[in-house]
Amino acid sequence: YSGSIPYTANITYTIRMVVNLATDTYSVYVTPQGGTEQTLVSGFALRFAATQLNNKAVKQASTTSGTINVCSFNII
């Protein structure tokens, strides 16, 4: 990713990921609290071929404070 989506401390961001296993691609969208959804990446190739996604993981970037909450995790 080489775009520019500004970050503001103490704002909640919603991240939406769309993974297409049939084409081995994914897209990621970000929506700042009170803002509109913006495309972070679209149609990027997965690093591996997968036939199913059967778990989730959250990795927080190095930081001294902050919180990551995972909610509304849906498979459609």
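Predicted model: local features only at pLDDT ≥ 70, side-chain atom pairs only at ≥ 80, totals over all residues.
The protein chain contains zero helices and three strands, arranged along the sequence as β-β-β. Helices (H or I, at least four residues) and strands (E, at least two) are DSSP runs numbered from the N terminus. Of the 76 residues, 12% are buried, where buried denotes under 20% relative accessible area, exposed over 50%, and partly exposed the range in between (1.4 Å probe, protein chains only). Among contacts (heavy atoms within 4.5 Å) between residues at least 6 apart in sequence, 21% join residues at least 24 apart.

Strand E1 (residues 13-20) and strand E2 (residues 25-32) run antiparallel and are joined by eight bridges; two strands are taken to pair if DSSP finds at least two bridges between them. Within this pairing, arginine 16 has tyrosine 29 of E2 as its bridge partner. Four residues lie between the strands of the E1 and E2 hairpin, in which aspartate 24 adopts a positive phi near 55°.

One salt bridge is present in the structure, a salt bridge being a side-chain nitrogen of Lys or Arg within 4 Å of a carboxyl oxygen of Asp or Glu. This interaction is formed by the side chains of glutamate 37 and arginine 16, at 2.9 Å from N to O. The pair connects distant parts of the chain, 21 residues apart: glutamate 37 belongs to the loop between E2 and strand E3 (38-45), and arginine 16 to strand E1. Glutamate 37 is partly exposed at 41% relative accessible area, and arginine 16 is also partly exposed, at 38%.

Ile15, Met17, Val19, Phe48 and Leu53 make a nonpolar surface patch of about 490 Å². Patches comprise residues with over 30% relative accessible area and no salt bridge, with like charges joined within 9 Å and nonpolar side chains (Val, Leu, Ile, Met, Phe, Trp, Tyr) within 5 Å. Isoleucine 15 is located in strand E1 and counts as exposed, with a relative accessibility of 51%. In a regular strand, side chains alternate between the two faces of the sheet.

Conventions
Residues numbered from 1 in each chain as written. Heavy atoms only, no water. Areas by Shrake-Rupley, 256 points an atom, 1.4 Å probe, with all protein chains shown as cover.
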